[in-house]
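I set out to record, entry by entry, what I looked up in this structure. The entries follow in the order of my reading.

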Amino acid sequence: MQFGIFTVGDVTPDPTTGRTPSERERIKAMVAIALKAEEVGLDVFATGEHHNPPFVPSSPTTMLGYVAARTEKLILSTSTTLITTNDPVKIAEDFAMLQHLADGRVDLMMGRGNTGPVYPWFGQDIRQGINLAVENYALLRRLWREDVVDWEGKFRSPLQGFTSTPRPLDDVPPFVWHGSIRSPEIAEQAAYYGDGFFHNNIFWPADHTKRMVELYRSRYAHYGHGTPEQAIVGLGGQVFMRKNSQDAVREFRPYFDNAPVYGHGPSLEDFTEQTPLTVGTPEQVVEKTLAFREYAGDYQRQLFLLDHAGLPLKTVLEQIDLLGEEVVPVLRKEFAAGRPAEVPEAPTHQSLLAAARKETVA
Amino acid sequence: MKLVVVSAGLSVPSSTRLLADRLAGAVGARTPVDVQVVELRDLAVEIAHHFTNGFPGRGLAAALDAVGAADGLIVVTPVFSASYSGLFKSFFDVLDRDALTGKPVLIAATGGSARHSLVLEHALRPLFAHLRAVVVPTAVYAASEDWGAEGLPERIERAAGELAALMGGLSAVRVRQPVKDAFDVVPFAEQLAALRPAG
């Protein structure tokens with residue numbers, strides 16, 4: 001099982017000091033967070049993609065390329081890559097390039113983006129969100145799998161005799177996850193292709209996540225990729241930890257109360273009860289995270305959101321230390337216990353390459 | 001048949017609820033109905049949190065489900081600032097946008113004086129038309145003075161008769177659309193094929 005961190009990349013004032021980091025500081029902090037993730041033995045770092053303030057990560061492969069140069073093992077991913085408003089041709093090229101630079105330590109998560117104005121800014125229409133995700137991704141898959149592509153669709157200018165360069169590393173396209181909170185069409189898309197399905201999981205009650213994951217698993221089996229239990233599932237999680245539970249609550253509350261997404265809304269207590277958010281000790285985080293398996297089944301990737309709402313870098317790095325020292329080692333052991341042998345690990349470049357070679361020989 | 005009564009009165013006891021109960025009783029006297037009352041006052045905090053959280057709490061989810069499954073609705077609001085109350089509107093703002101399509105709805109309102117009675121025609125009727133409900137022709141307004149005057153019982157009876165007839169008629173002839181589950185999917189190949197250029 002893979003464990004990692006996903007970041008939104010928001011520039012938010014620290015509500016306890018009123019200080020807002022500069023964009024440069026925030027970008028460098030995201031890199032420091034990625035490096036720390038590798039240092040403490042996490043597997044994945046994923047960055048969001050945004051094209052409006054207060055967010056900085058508009059250019060994920062630039063950042064991930066830089067992180068790739070400074071890490072050895074970390075898998076570099078996205079949360080999410082906007083399949084609706086980006087040109088699929090550019091996604092194909094950017095991520096193939098990143099694959100070569102990072103020696104295959106790359107996968108990516110497709111998402112639609114829910115900021116209305118971003119669509120017209122990129123020449124698109126949000127009402128076509130699902131259709132854009134369907135058509136653009138179908139093209140992206142062909143660009144990675146066929147050397148010369150002739151193509152015509154609804155949303156992009158046609159291609160005649162186009163070769164996307166560089167070709168994917170070892171002719172193995174990066175593994176793709178599809179992220180969606182509430183669109184069954186996206187779970188269906190992930191299942192159709194046998195790709196991974198990631199549920200952000202952090203803003204909604206568990207029952208909703210459960211139904212989306214069940215839908216994906218049953219459709220994955222319907223399309224003949226394996227049993228429902230073999231489908232590739234990833235989940236988000238959101239935690240804040242201190243050695244003492246009361247200290248965690250006291251320190252996190254002002255960040256929660258003023259957070260960009262849910263601030264000035266529900267109470268920390270209600271949100272902790274109704275969603276996967278855990279504010280407490282590392283042991284409490286272990287307990288709540290292990291319970292995800294009860295509604296999502298044995299799954300492949302767990303990403304945590306740690307750096308948001310204006311939390312200072314120093315605090316975030318302490319959180320990653322706690323994850324690496326006290327949470328993830330226990331989760332690895334506990335998740336492995338009782339995990340059926342037929343449940344696969346998340347695909348990596350190495351495993352996909354091995355599978356491709358086996359297919360060629362056979 | 002299921003009749004759901006949505007009452008946006010705030011005080012206890014409330015004249016809005018009183019009017020709602022009179023209307024529900026008059027419908028029940030004409031046709032057998034299971035009546036469920038949704039008191040928006042009890043859901044006010046959950047409705048506000050639905051806006052900030054993006055998902056309904058348990059009590060609100062149950063109320064929204066009840067409205068979606070109803071064969072007919074009676075909706076009653078006090079008049080605030082020349083319109084329905086904000087709480088009343090907020091409930092219908094968080095309701096699934098297709099939940100009222102084709103559903104018979106009786107609209108009613110209460111106020112301190114009769115001067116605001118056209119709120120029913122100028123605010124409530126367009127709101128429920130927008131939600132594609134079938135609004136009964138008679139809307140019932142009760143000012144404080146109406147509770148001691150002639151006319152209100154007759155309007156209640158007329159409106160209740162219209163709602164009962166529509167519920168019976170529509171439930172008999174309406175092609176019962178299976179309730180679309182939020183997790184139903186179009187098979188992916190169909191989705192993909194719909195995007196292929198013609199020819």
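**Conventions.** I noted that the model is predicted, that local features need pLDDT of at least 70 and side-chain atom pairs count only at pLDDT 80 or more, while totals for chains, interfaces and linings use all residues. Residues are numbered from 1 along each chain as its sequence is written, and chains are lettered from A and ligands numbered from 1 in the order in which they are written.

I then followed A:I5. Leaving aside neighbours within four places in sequence, its contacts (C-beta atoms, placed from the backbone, within 7 Å) include A:I33, A:A37, A:F45 and A:I320.

**Helices 1 and 11 of chain A.** I found that the axes of helix 1 (residues 23–39) and helix 11 of chain A come within 10 Å and cross at roughly 15 degrees; axes are lines fitted to C-alpha atoms over the stretch in contact, and angles run from 0 to 180 degrees between N-to-C directions. The two helices are therefore roughly parallel, a term for angles under 35 degrees. A:A29, A:A32, A:I33, A:K36 and A:A37 of helix 1 meet A:L313, A:V316, A:L317 and A:I320 of helix 11.

**Helices 5 and 6 of chain A.** I recorded an angle of about 15 degrees here too, with the axes of helix 5 and helix 6 (residues 184–193) 10 Å apart. Helix 5 contributes A:I130, A:A133, A:V134 and A:Y137, and helix 6 contributes A:E185, A:I186 and A:Q189.

**Between the chains.** I noted that 13 residues of chain B are in contact with 22 residues of chain A. On the chain B side, helix 2 (40–53) and helix 7 (188–193) give two or more residues each.

**A:P329.** I placed A:P329 in helix 11 (residues 313–336) of chain A. Buried or exposed, or in between? A:P329 counts as partly exposed because it has 14 C-beta neighbours inside 10 Å.

Notes. Helices (H or I, at least four residues) and strands (E, at least two) are DSSP runs, numbered from the N terminus. A residue is buried if 20 or more other C-beta atoms lie within 10 Å of its own, exposed if 12 or fewer, and partly exposed in between; C-beta atoms are placed from the backbone. Two residues are in contact if their C-beta atoms, placed from the backbone, lie within 7 Å. Angles under 35 degrees count as roughly parallel, over 145 as roughly antiparallel, 65 to 115 as roughly perpendicular and the rest as oblique.
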